[in-house]
Amino acid sequence: MISVMNRIPVNPEFAQDFEERFKDRAALVDGMDGFVAFRLLRPTKPEDPYIVMTFWESQAHFEAWTQSDEFKEGHARAGRLPREAFLGHPKIEVMEIIQEAVAGQILGSAS
Ligand code: HEM
């Protein structure tokens, strides 16, 4: 399994607008092949970036989503935020999940 995180530096004055975009998000990612989970993380320090965290069965599944109409549609309104809503460029990190623990569940390690 992999996690792809997109760190988005949002101008604190636009934090509410940014969050509004996600409230009625397209939810098309949820049905994609290989999709595992999505989390939107709000920074507790306003100067830190928001993180859009996704989990996928594989990098190929994630890449297929980024090239799909569902990705395009899921971001259709993102461009309507003004340029000053962002304080820099988003940073994308692709990570392999090598171990995990979830309360109440027994999980193994990935090789
Ligand atoms: C790099 C430029 C990107 C920006 C500025 C951006 C910003 C946004 C915004 C504002 C939305 C809310 C929906 C909308 O406004 O239409 C959204 C949706 C979303 N973004 Fe991005 N995004 C970018 C790329 C990515 C990437 C590379 C990922 C991979 C982790 C990602 C993950 C998501 C997910 C999972 C949703 C929800 C889509 C759905 O519900 O189907 N975004 N993004």
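Modeller: Two residues are in contact if their C-beta atoms, placed from the backbone, lie within 7 Å. This is a predicted model: local features need pLDDT of at least 70, side-chain atom pairs count only at pLDDT 80 or more, and totals for chains, interfaces and linings use all residues. Residues are numbered from 1 along each chain as its sequence is written.

Biologist: Leaving aside neighbours within four places in sequence, which residues is Leu40 in contact with?

Modeller: Leu40 sits in strand β2 (residues 35-41). Strands (E, at least two residues) and helices (H or I, at least four) are DSSP runs, numbered from the N terminus. With neighbours within four places set aside, the contacts of Leu40 are Phe22 and Val52.

Biologist: Is Leu40 buried, exposed or partly exposed?

Modeller: A residue is buried if 20 or more other C-beta atoms, placed from the backbone, lie within 10 Å of its own, exposed if 12 or fewer, and partly exposed in between. Leu40 has 14 C-beta neighbours inside 10 Å, so Leu40 counts as partly exposed.

Biologist: What share of the protein chain counts as buried?

Modeller: The same cut-offs apply to the chain. The protein chain has 111 residues. Of these, the buried share is 4%.

Biologist: What pattern does the protein chain follow along the sequence?

Modeller: The chain holds three helices and four strands. Read along the sequence, their order is β-α-β-β-α-α-β.

Biologist: Which residue of β4 is the bridge partner of Val4?

Modeller: Two strands pair if DSSP finds at least two bridges between them. β1 runs antiparallel to β3, joined by seven bridges, and there Val4 stands opposite Thr54. β1 also pairs with strand β4 (residues 91-96), antiparallel, over six bridges. In β4, the partner of Val4 is Val94.

Biologist: Which element gives the most to the shell around the ligand?

Modeller: β1 (2-8), α1 (15-23) and β3 (50-56) each supply at least two residues of that shell. The top contributor gives three residues, and it is β1.

Biologist: How many residues of the shell around the ligand are charged?

Modeller: Asp, Glu, Lys and Arg count as charged; Ala, Val, Leu, Ile, Met, Phe, Trp, Tyr, Cys and Pro as nonpolar; the others, Gly among them, as polar. The shell has 13 nonpolar and four polar residues. The charged residues number three.

Biologist: Which of the 20 residues around the ligand come nearest?

Modeller: A residue is near a molecule if its C-beta atom, placed from the backbone, lies within 6 Å of it. Of the 20 residues around the ligand, the nearest are Arg21, Arg25, Val29, Gly74 and Arg77.
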